[in-house]
Structure formats: C-alpha cells, structure tokens
Amino acid sequence: MALTTAATLTALQPVSPTCNIIVITDPTGKDPNGAAAGSMSFAPNMFESTFLVSKKLHVAVLAGGLGKGTARLKVILNTIRFLELGAPITVAIAGGLMEGPTNRILVGGPGKGMAVGGSYDVSVVLVKGNKIVIREYHSAQGFNIVKVPPNVKGAIIHLRNTPGNPKFGTATHVRVAAAIMVGQMIRDGYPATDIVAKAMGFIAKESGEKYGGGMVNITAGLTTGDTFTPAKLGQKGFPMDAPYRKVCPRCGWSAPYWMAKNINRCPRCGAPLKTEYAWQVARDMITVSKTHPVVHVYGIKSPYDKTAIVEAAQVLAEHHKLNRENLASVIDSEISSNTLLDYDYIYPSDIKINKKANIVTVYMKPLPEGYRKPPLKIPIPNYYLHVLGLICSALGIGLIVMGICRELLLRRLRKLTKGRW
Ligand SMILES: [Zn+2]
C-alpha cells in the first residue's frame, strides 16, 4: 500500500464504502474467475476502497463503517497483518477490529470462505446444488462475526444508504433483491467476476450507492485499480451504472462516452458502435479469458487511455494478430489520430508479450510538461504545431480526441492561414 494512501486517508471525512460484495463460485480456486469482490458508495473519496491483499494469499479485504480515515486504515492494515501470519479470516477480522470496532471488515477468498465483522447490514447467500439460502444479519455491539465456511459457494452483500442520497431508504429492499439475483446466478453457473459486476450495476442503479470504488478478481489477482475512483480529494468516483465508453466491436476503436455520445458509427471502420456501462468495463477488466490477454499498461495519463490500449490488444488477440509490431502500430495510429493524446510514439521494444501466461505489458511514453502533442505525421512546419496546439486547447479537448475532427480542423486552419503552409 502506498504511503500516499495513508496521507490521503488522514485528511478525509469519515465517509466510507456503503456497498461491499464478495462472491465465491469456485471455492477450490481452480476457476480463475471463481472469486471476486467490489466496493462503492454514494459518498466521495472512494480511494482504494477495495483491497486485494496479495496474489499469494488470494484474499480480498473490504472495509467500511463509521471509523475515520486513519482509524480505518489501521483496521485494514492490522487485518492484513494477521492474514499474512496465516490466521483464519475470522481471527484476522477480530484482530483488525481491535483497532476500531465501529468499522466494518469483509474478508474472503477461495479456500478461505468469507466473513464480515464490525458494523454491518448483510445478506448472506449460500448455494448448494439447486438450493439457494438467503439470510439477513445485522451487527449489534461487539465484533459479531458472520462466517461462510471455505467449501461453500455463496456471497456476502453489505448495503446501506448514505445520508443525502436521493434514494435513501432503498438499501434493505435492494440488498435482498441483489442477494436473490446473485443466488440465482451462482446456481446457474455464472463465474464470480460476472456476478459481482452485474450486482454492482444493479445496486448502483437501484440504491444510488453508485460511485466507484472498484472491483477485484481475487483468484487471478486482477483489479480495476483507479479506473473508477475519484481523481481528486472531495470528489465522487465514476457512477458504476453510467455509460462509460463507446467501442467498435469490429476494430476495437473506443472513446469515452461523453465524447462519443452523438457518434453511432466507428470513425475508423464504419461499424455500429456499442455503448458499454462502467460495470461492464469493470467486468472485462477483472475477467480472465482464454482469448483475451491480461494487459498491463504503464505511463498512462488517464484511465480512458488504458481501456483503449487494453481493447486494442484484445481485438488483435481475437484475430490472432497480436504481436509487438502490430500492437505498437495500432497504438501509434491512435496517437497520430489524437485518440490517445499527449504521448510520444512507442516502439515494439516498449511492449512485452508473455505468450505462455497470456500477459501483455505496454510502456507508454507521456510527453513532458509543456509539450501538448507529438509531431503529427503531416507536412507542416514545427512552428504551426505550436499554433495548432493552442487552437486545439481552445476548441476543447473533446473535439480533438475524436480523430475524425482533426481533418476538419486542419482544413479550417489552412483556410485561416491561407497558403502560408
Ligand atoms: Zn471500427
């Protein structure tokens, strides 16, 4: 855990995730998508609200409750310390809560079961064969830990409403409805990653406790990272039930929804675009698939850029064309067309592909402060690049990122500067 997290949490008001979910569909840990977790809230400052402890331990620690930032961080760190020492999850929760019993800790992972302690209102879902059992538990005084044993398929869903949420008062009803949905999906054989994502989308929409937060794949150790968390202190994260981006199913082109809202066909290949909601994007980020490689991207400036690069790699993989040269050329073409803004061109050597583990790593090169764009691949003198940069900012970044608008802009610029270049 980074030091910045501790520093950030110190400054925060006592707000916290009001929705914590863990789902386990494969307690043996063999299915890479068999255990997943997620957190979100109506409140702001959902930084690092879901903690994936380690790929070695295969366990997620989710926190919430009434404690202030620093107290909650202590509770989380203490719980993790117990887990690393090999303590059973109930012991780790009790140990963690000694630092602050008004907090909530929800812990779970394949082979370890699930348990919650502290301050909570949960639906516990147990599935045995075709039988679904749902029970409600509400915390009283003390640690009162509720536990689901290690070899059982099931889920624990905590949900409360944040004061000020226009949908205040819906939590109990929505939690039970989500529990029924989750129980049915477990019974019907869906993987945990699918179920957590679907439940997050549903709960976000129905209860208003919708701002990320994020999700993790506990078995495979994948996370949505800071994709849906707020960018600054005092802000809310991304609403998990809102449209996040538009994507071309044919060539993999994608753009943030707010930019591409009025565009229905792919500017690169003409295919109809598909709208993806945040919970669907999160699901894809934490799902391990045979064809889809796991893509790590370093050096990016915005989470949107990451999803664009991940999508490019996955589409190439689907068409059996994934290699370093092809991926570098797709990324460079996105830089040329201004779909990816403010990066320098990359080389095949900036990409590592591990075929056996199906992992792709891309090292992007952000431009230094003050440099707006890489040299465009068009025949204009450098001086005008500066002018173009200024006009680009004036027109609004949204216009520019849509590569299709660039031609229009250049034509207008040429008119303005009449034959000077
Ligand atoms: Zn396309």
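Which residues in helix 5 meet which residues in helix 7? Thr193, Asp194, Ala197, Met200, Gly201 and Ala204 in helix 5 meet Trp279, Gln280, Ala282, Arg283 and Ile286 in helix 7, where two residues count as being in contact if their C-beta atoms, placed from the backbone, lie within 7 Å. The structure is a predicted model, in which local features need pLDDT of at least 70, side-chain atom pairs count only at pLDDT 80 or more, and totals for chains, interfaces and linings use all residues. Residues are numbered from 1 along each chain as its sequence is written.

The protein chain has 12 helices and 20 strands; helices (H or I, at least four residues) and strands (E, at least two) are DSSP runs, numbered from the N terminus. Of the 421 residues in the protein chain, 46% are buried. A residue is buried if 20 or more other C-beta atoms lie within 10 Å of its own, exposed if 12 or fewer, and partly exposed in between, with C-beta atoms placed from the backbone. Among contacts between residues at least 6 apart in sequence, 67% join residues at least 24 apart.

To return to the opening pair, the axes of helix 5 and helix 7 come within 9 Å and cross at roughly 160 degrees. Helix 5 is therefore roughly antiparallel to helix 7. Here axes are lines fitted to C-alpha atoms, for helices over the stretch in contact, and angles run from 0 to 180 degrees between N-to-C directions. Angles under 35 degrees count as roughly parallel, over 145 as roughly antiparallel, 65 to 115 as roughly perpendicular and the rest as oblique. The crossing of helix 5 and helix 7 is right-handed; a crossing is left-handed if the near helix is turned anticlockwise from the far one by less than a right angle, and right-handed if clockwise. By class, this contact has 6 nonpolar, 3 polar and 2 charged residues. In this scheme Ala, Val, Leu, Ile, Met, Phe, Trp, Tyr, Cys and Pro count as nonpolar, Asp, Glu, Lys and Arg as charged, and the others, Gly among them, as polar. Helix 7 is mostly covered, with 7 of its 9 residues buried: Ala278, Trp279, Val281, Ala282, Arg283, Met285 and Ile286.

Helix 5 (residues 192–207) also packs with helix 4 (residues 171–187), at an angle of about 160 degrees and with the axes 10 Å apart. Helix 4 is thus roughly antiparallel to helix 5, and helix 4 passes helix 5 in a right-handed crossing. Helix 4 contributes Ala171, Val174, Ala178, Met181, Val182, Met185 and Ile186 to the contact, while helix 5 contributes Ile195, Lys198, Ala199, Phe202, Ile203, Glu206 and Ser207. The contact of helix 4 with helix 5 has 11 nonpolar, 1 polar and 2 charged residues.

Strand 4 (residues 59–65) and strand 5 (residues 103–109) run antiparallel, joined by 6 bridges, and Leu62 has Leu106 as its bridge partner in strand 5.

Strand 13 (residues 243–247) is mostly covered, with 4 of its 5 residues buried. Strand 13 pairs with strand 15 (residues 274–277) in the antiparallel sense over 4 bridges, and Lys246 stands opposite Thr275.

Note on methods. Two strands pair if DSSP finds at least two bridges between them.
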